Amino acid sequence: MSGTNPYIEKAEFELPAADYQITFLPLQKKVDVLAEKIATKSDGLPGSILNAALEAGIDMDHSCGGVCACSTCHIIVRQGIDSCNEATDDEEDMLDLAPGLEPQSRLACQCVPNGTQELIIEIPEWNRNLVSEDH
Ligand code: FES
């Protein structure tokens, strides 16, 4: 499932202008995000962390298909939060439903880095058994 949710505020974001890396914990997997090759067909906003994870073969849970209607794609941005778009009120509302909420929590499908910083992303413990990695 993918698409847009007509019932939520439209998230503002800028696509990365430069290549950057995302490290996913606890997988310790580094993903190169190439500015020229931002996927637009995967679930989540174009250039979102969910989008980058799926493109890299990390099967991150995203029950609603990446349209800001669940909280299963909850992640914690351990490094690089300043390079990410602002969370909308709708994202904050969904995050309030997520267990283990932290100040740097985001929904991976709504969080779009602009490529100016390297990111370190932690997948919360309660969600880890839902994440698998293709080899
Ligand atoms: S996948 Fe449902 S909110 Fe991100």
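Author: Two residues are in contact if their C-beta atoms, placed from the backbone, lie within 7 Å. The model discussed here is predicted.

Reader: Which residues does Ala98 touch, leaving out those up to four places away in sequence?

Author: Ser71, His74 and Ser105. Each of these contacts rests on C-beta atoms within 7 Å. Ala98 itself sits in the loop between helix 2 (89-95) and strand 5. Its C-alpha atom is 9.8 Å from that of Ile75, and 23 residues separate the two along the chain.

Reader: Why is Ala98 called buried?

Author: Count the neighbours. Ala98 has 20 C-beta neighbours inside 10 Å. The label needs 20 or more. Ala98 meets that cut-off, so it counts as buried.

Reader: Gln28 and Cys68 both carry a positive phi. What makes that worth noting?

Author: Most residues other than glycine have a negative phi. Gln28 is not a glycine, and its phi is near 60°. Cys68 is not a glycine either, with a phi of about 60°. Gln28 is placed in the loop between strand 1 and strand 2. Cys68 belongs to the loop between strand 3 (58-59) and strand 4 (74-79).

Reader: How do you know whether Gln28 is buried or exposed?

Author: Gln28 has 7 C-beta neighbours inside 10 Å. Exposed means 12 or fewer. The count falls under that limit, so Gln28 is exposed.

Reader: And Cys68, buried or exposed?

Author: Cys68 has 25 C-beta neighbours inside 10 Å.

Reader: What about strand 4 and strand 6?

Author: The test is again at least two bridges. Three bridges join strand 4 to strand 6 (residues 119-122), so they pair; the strands run antiparallel. Ile76 stands opposite Glu122 in strand 6.

Reader: Which strands are at the edges of the five-stranded sheet, and why are they called that?

Author: The sheet is open, its order is 2-1-6-4-5, and the pairing is mixed. Strand 2 and strand 5 (105-107) stand at the edges. Each has a single partner strand, so one side of each has no neighbour in the sheet. From one strand to the next, the twist averages 35°.

Reader: What is the overall pattern of elements along the sequence?

Author: It reads β-β-α-β-β-α-β-β-α-β. That comes to three helices and seven strands.

Reader: What makes you call the protein as compact as a globular one of its length?

Author: The radius of gyration is 13 Å. The globule rule gives 14 Å for 135 residues. The two values are close, so the protein is as compact as a globular protein of that length. Its C-alpha atoms fill a box of roughly 30 × 30 × 30 Å along the principal axes. Of the 135 residues, 33% count as buried. Take the contacts with a separation of 6 or more: residues 24 or more positions apart account for 69% of them.

Reader: Which residues touch the most other members of the largest nonpolar core?

Author: Ile49, Leu50, Ala53, Met60 and Ala108, out of 27 residues in that core. Helix 1 gives the most to this core, with five residues. Strand 1, helix 1 (49-55), strand 4 and strand 6 each supply at least two. Beyond four places in sequence, Leu50 has contacts that include Met60, Cys73 and Ala108.

Reader: How confident is the predictor, and where is its confidence lowest among the elements?

Author: The average pLDDT is 90, and 91% of the residues score at least 70. Strand 7 (residues 132-133) has the lowest mean among the elements, at 58. Strand 5 has the highest, at 98. Where pLDDT is low, the predicted coordinates should not be read in detail.

How values were computed:
Residues numbered from 1 in each chain as written. Predicted model: local features only at pLDDT ≥ 70, side-chain atom pairs only at ≥ 80, totals over all residues. Helix = DSSP H or I, 4+ residues; strand = E, 2+ residues; numbered from the N terminus. Rg over C-alpha atoms; globule rule 2.2 N^0.38 Å. Axes fitted to C-alpha atoms, helices over the stretch in contact; angles between N-to-C directions. pLDDT = per-residue confidence, 0-100. Core = buried A, V, L, I, M, F, W, Y, C linked by C-beta atoms within 7 Å.
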